[in-house]
There are 2 protein chains.
Amino acid sequence: MKRTKVAIIGVGLLGGSLALALKGKGGYRVVGWNHRASSRRRAAKIAPVAASLEDAVRGADLVVLCTHSNAVLAMLREITPHLGPRTLVMDVSSLKGALAREAARLPGLEGRFVPCHPMAGKETSGPEASDRDLYRGHYVFVTPLRGTPPRNTARAAAFWKAVGAKVLSWTPDKHDKRVAVTSHLPHLLACVMMERFALAAARDKMIRAAVGTGFRDFTRIAAGHPAMWADILTLNDKEIGRALTGFRRRLQRLERDVRARKRGKWLSFFGKARALRQSL
Amino acid sequence: MKRTKVAIIGVGLLGGSLALALKGKGGYRVVGWNHRASSRRRAAKIAPVAASLEDAVRGADLVVLCTHSNAVLAMLREITPHLGPRTLVMDVSSLKGALAREAARLPGLEGRFVPCHPMAGKETSGPEASDRDLYRGHYVFVTPLRGTPPRNTARAAAFWKAVGAKVLSWTPDKHDKRVAVTSHLPHLLACVMMERFALAAARDKMIRAAVGTGFRDFTRIAAGHPAMWADILTLNDKEIGRALTGFRRRLQRLERDVRARKRGKWLSFFGKARALRQSL
């Protein structure tokens, strides 16, 4: 049986974990590529590295772009001339709307690019952190462009299922709207919390002793990669802005409740929050 | 050598853990008491339970009130007639300002009550969750009233050090100001996030699939006990209101930054948040 050739462009945590998961499966031939020579040397410990980007994608059945949001489009342009007519290209970046709109206009790629977003990750990065079970049991959102042949969407879904993921097919815009609420807004709030804490600590050093487990949990995401988050904030500005404004207006009403000191109202507010959190 | 008699009023997670830690030390005789008969039966598995509240505190060298914020004052009134002249009373509730002001006016308690707040806990509660190492390495804030003899503040500090805690002596008001930033505001924000999520999920069920590890970390504290938090919100309203207003105004300015889409500004914002979070 001919093995499926998978080119992984950008062998870091996500790409490296994909390579390990596919190796474990059998039936796949994985080839990696990284832009920088030093990254290629690190990647070589995980998967065979091609001689060039062109070599990596040539003859590939599947190409997975494991680069940051703002690098995907340039990469698509670069590889398109070397793709076979049946090659399927996917990415793993965290935003889909802007990418889908731009990718739809790229000449020569018609129907062969299916944007994907695996909800998997760690706080560490780099190929050394790779984990063959990274995708197992996690959701991957497959967000086809309008006009993508259903067969290609199905191929993308089957690929992620093969590495143990649960797959949902969403439109790119619905995807961005949902993650604005569950990922981007919390990230922003955690970072604002760190900023407020820094202000308080500048006036009062002792406040550092009042940091407990709750504060650490709440702000853990603030340690995320600044460049990745700067991309997300500029690419998903509309949805993040909407979620942020709704949140801020709610806080404004809450300020009145704080002044009113109505214990019964707080009991119900905290009771609902607790029940919903426990149901997640 | 005469053993130190410690009365623990309210043998739950905090009181039970204290009892276990003291048992391990030697030199202490621990007696517990719970208001409800069913709680007394559960407490009896951790420490000997007295025949009555009066019996528990009579002849005690130290009394530790391990009840919620809004129950401490009533308990102080109840036990004061039975305290010896050298008995030291402490509590473990999360707010100190209002309590210290009220306690200063209680007749007969002069100088013998030192409010304390251990920064230790778990999401589980009840004596069954007790852990002899709960306080080890954690901060305990000792917040004496004006007029408390320094000797009694020192006794409180020595007691917490004996169970492995690190002790800082703060004024009650500074304490409440600090925890408003590091604990109460984050709790409120996590609960508002759950409320916003509930609103979004009511319109769009699929958003639940977009909940990842980050969202779970960020909202973990929202599962805290509603009654305890309702007390905190009504007792520390001024400091929480101040912290909330500052946070909300910052969000308002941030909405403009989201619309401006300046990647460089975001890089610096996220870079600072990350560096500070990593330093905690």
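**Entry 1**

I began at B:Val63, which stands opposite B:Val89 in strand 4 of chain B. I note here that the model is predicted. A second pair turned up on these strands: B:Leu62 faces B:Leu88 of strand 4 of chain B. I then looked up the pairing as a whole. Strand 3 (residues 62-65) and strand 4 (residues 88-91) of chain B run parallel and share four bridges.

Next I asked which way the side chains of strand 3 of chain B point. B:Leu62 and B:Val64 point one way, B:Val63 and B:Leu65 the other. Are these residues buried or exposed? All are buried.

I moved to the other partner of strand 3. Strand 1 (residues 4-9) of chain B is joined to strand 3 of chain B by four bridges, again in parallel. Here B:Ile8 has B:Val64 as its bridge partner.

**Entry 1: the whole sheet in chain B**

I traced the strand order. The sheet in chain B is open, has five strands and reads 2-1-3-4-5, with parallel pairing. Which strands stand at the edges? They are strand 2 (28-33) and strand 5 (113-114) of chain B. Each has a single partner strand, so one side of each lacks a neighbour in the sheet.

I checked what packs on this sheet. Helix 6 (residues 150-162) of chain B does, and it touches strands 3, 4 and 5 of chain B. The direction of helix 6 makes about 55° with that of strand 4 of chain B.

I went back to strand 2 of chain B. Its pairing with strand 1 of chain B is parallel and runs over six bridges. One of the pairs I looked up is B:Ile9 with B:Trp33. Strand 2 of chain B is an edge strand, yet five of its six residues are buried, so the rest of the structure largely encloses it.

I listed the contacts of B:Val64, leaving out neighbours within four places in sequence. They are B:Val6, B:Ile8, B:Ile9, B:Gly15, B:Leu18, B:Met90 and B:Val92.

I then turned to the largest nonpolar core, which holds 186 residues. Which members touch the most others? They are A:Ile8, A:Val64, B:Ile8 and B:Val64.

**Entry 2: helix 4 of chain B**

I looked for the buried positions in helix 4 (residues 69-79) of chain B. They include B:Ser69, B:Val72, B:Met75, B:Leu76 and B:Ile79. Seen down the axis of helix 4 of chain B, the buried residues fall within an arc of 105°, so they line one face of the helix.

**Entry 3: chain A overall**

Of its 280 residues, 49% count as buried. I also checked the contacts in chain A with a separation of 6 or more: residues 24 or more positions apart account for 76% of them.

**Entry 4: the three-stranded sheet in chain A**

I found an open sheet of three strands in chain A, ordered 6-7-8, with mixed pairing. On average, neighbouring strands are turned by 20° against each other, direction ignored.

Strand 6 and strand 7 (residues 139-142) of chain A are antiparallel and share three bridges. A:Cys116 has A:Val142 of strand 7 as its bridge partner. Helix 6 (residues 150-162) of chain A packs on this sheet and touches strands 6, 7 and 8 of chain A. Its direction makes about 155° with that of strand 8 of chain A.

**Entry 5: A:Leu106**

I located A:Leu106 in the loop between helix 5 (97-104) and strand 5 (113-114) of chain A. It is partly exposed, with 13 other C-beta atoms within 10 Å. Beyond neighbours within four places in sequence, A:Leu106 contacts A:Leu76, A:Arg77 and A:Thr80. A:Leu73 is 33 residues away in sequence and 9.0 Å away in space, C-alpha to C-alpha.

**Entry 6: chain A against chain B**

I finished at the interface. 72 residues of chain A are in contact with 72 residues of chain B. On the chain A side, the elements giving two or more residues are helix 7 (172-203), helix 8 (213-219), helix 9 (226-235), helix 10 (237-260) and helix 11 (263-279). Helix 7 of chain A gives the most, with 18 residues. By class, this side has 43 nonpolar, 14 polar and 15 charged residues.

How values were computed
Residues numbered from 1 in each chain as written. Chains lettered and ligands numbered in written order. Predicted model: local features only at pLDDT ≥ 70, side-chain atom pairs only at ≥ 80, totals over all residues. Core = buried A, V, L, I, M, F, W, Y, C linked by C-beta atoms within 7 Å. Buried ≥ 20, exposed ≤ 12 C-beta atoms within 10 Å, placed from the backbone. Contact = placed C-beta atoms within 7 Å. Pairing = 2+ DSSP bridges. Axes fitted to C-alpha atoms, helices over the stretch in contact; angles between N-to-C directions. Nonpolar A, V, L, I, M, F, W, Y, C, P; charged D, E, K, R; others polar. Arc of directions from axis to C-beta.
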